[in-house]
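Here is a short briefing on one protein model. Please look over the structure first, then read the points by topic.

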Amino acid sequence: MTNEELWQATLAEIEVSLSRATFITWFKKTAIQSSNSGHVIISVPNGFAKEWLENKFNSHILKALRNIQPDIKSISCVIDATKETEKPIRREVMMDAIIAPPKQPARNQTYAEATPIDLENNLNPKYTFENFVVGSNNELARAACFAVSQNLGRIYNPLFLYGGVGLGKTHLAQSIGNELLKTDPGFRIKYITSERFTANLVDALQNQKINEFKAYYQKIDILIIDDIQFISGKEKTQEEFFHIFNFLYQLNKQIVLTSDRPPKEIQILEDRLRSRFEGGMIADVSKPDLETRIAILKKKAVAEHIPIDDNALLFIATNIKNNIRELEGALNRLAVLAQLGNINEITKTFAEAQLSELISSGKKKGVTYKHIFKAVALFYDTTLDELVAKNRKKEIIRPRQIAMYLMRSELDCSFPGIGEKMGGRDHTTAIHAYEKITKDLEKDQKLKEELTAIQEQIYKIV
Ligand code: ADP
Ligand code: MG
């Protein structure tokens, strides 16, 4: 058997044990370079693939190789830069994956259940009161939201939620909508970010469609506008928003707003708008204590069938304190890594090893958008120039969206800032990219794995 035949047979075996998407992501452009006294050297296209094949897929590959040649004992990878330009192996697999993405869900899709987001109301069905862990940090806000869901437009209008990043504002605000749908699926609910709302409003104004715009909102029962602080400094938007606000308010429409700060601290906000925001109920969410952090992790681990022991949960909760999104991110990352490495239960040791960089370096320390570009370009075999280029090459669309998503999720960049760094694109392109990837992440296991890999890479470069 030649090395080529051995590798083709091995790939065929590996392919059935992984989701097709994972397989294509990690095994394209690989080959056996040499095989000598039980040690097989695999050539891979870049350092990224080397890292993953040697660490995460080591046992997968060895097992498959041994099924064909039982005397094989170990593997290692070498980077073969020429692979970048060479014709990839198993081209037919790659091509039809590009033309027609796999229809079946990934085989191992146990951790993330697909949760389609309703396109009209934009609600994520996962954001419910049931899935929300109550702690002293969010008790008041939760009670206010629940009360609103029971007395729409009548007690607290508007309801203004504020608090730091990743502390549950979006979750709570959307819970109101999902709660309403439980009692009556006919409720007309609109969840929208202030940026999207503004973009739509500006569009409507420019195209003389403001009446349609108003008519649309007139028909809804509850308007949830997320991250309202972003209208700061936008005079024209504020003026229009003020009118829409009054218009809805007078119709007894419930309005829910979230912000990273209280109304009085939103800079460059028209006074009349500020006093409107302060005119209802204001509730804050703050950072959760250790107990609450553990409870949140536990709930999520159970809901998504992530096998993890208590010490590992305690380890994560002790080390990630400031942001629940990061808390969940760490758990998700461990889940993906455990799945790829065939780990049955996530222990503290495993968590420590996998999260060490993230925890010791401090997540955002020193990371810039350049690190993101570099990692994304490396991952998708493209270049920095291509990423920011103004063409519409199909194969670059996704990497670009991911770069934009990461600038937002990892660095909290503003959308105009993202557009600018992406070679002078419009901020609506950045909003769209962020929304698209956020939505796709809900149901796309492959994308989750890719993002995990890219994030690892980003924090490694620093
Ligand atoms: P924010 O809008 O304040 O930035 P999010 O609402 O997006 O934060 O919350 C970030 C993540 O943390 C979400 O996935 C959310 O479901 C989760 N989360 C936040 N608070 C809680 C909580 N008390 N219980 C369960 N999950 C929570
Ligand atoms: Mg939010």
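Which residues does F350 touch, not counting residues up to four places away in sequence? F350 touches L334, L337, A338 and I343, where contact means heavy atoms within 4.5 Å.

This is a predicted model: local features need pLDDT of at least 70, side-chain atom pairs count only at pLDDT 80 or more, and totals for chains, interfaces and linings use all residues. Residues are numbered from 1 along each chain as its sequence is written, chains are lettered from A and ligands numbered from 1 in the order in which they are written, and side-chain values use heavy atoms, with hydrogens and water left out.

**F350 and its setting**
- F350 lies in helix 15 (residues 348-360); helices (H or I, at least four residues) and strands (E, at least two) are DSSP runs, numbered from the N terminus.
- F350 is buried, with a relative accessible area of 13%; buried means under 20%, exposed over 50%, partly exposed in between (1.4 Å probe, protein chains only).
- F350 and L334 are 16 residues apart in sequence, yet their C-alpha atoms lie 8.3 Å apart.

**Helix 1 against helix 4**
- The axes of helix 1 (residues 3-17) and helix 4 (residues 58-68) come within 9 Å and cross at roughly 125°.
- That makes helix 1 oblique to helix 4; angles under 35 degrees count as roughly parallel, over 145 as roughly antiparallel, 65 to 115 as roughly perpendicular and the rest as oblique.
- Axes are lines fitted to C-alpha atoms, for helices over the stretch in contact, and angles run from 0 to 180 degrees between N-to-C directions.
- From helix 1, L6, W7, A9, T10, E13, I14 and S17 meet H60, I61, A64, L65, N67 and I68 of helix 4.

**Helices 16 and 18**
- Helix 18 (residues 394-411) has 18 residues.
- Its buried residues include I396, P399, Y405 and E410.
- In helix 16 (residues 369-379), the buried residues are H371, I372, F373, A375, V376, A377 and F379.

**Backbone exceptions**
- Most residues other than glycine have a negative phi, and most peptide bonds are trans.
- N157 and P158 are joined by a cis peptide bond, with omega about -5°.
- P158 sits in the loop between helix 6 (139-150) and strand 4 (159-163).
- N122 has a positive phi near 65°, in the loop between helix 5 (91-99) and helix 6.
- D381 follows helix 16 and has a positive phi near 55°.
- D412 is not a glycine, but its phi is positive, about 55°.
- D412 lies in the loop between helix 18 and helix 19 (415-421) and is partly exposed, with a relative accessible area of 45%.

Technical notes: The expected span of a helix is 1.5 Å times one less than its number of residues.
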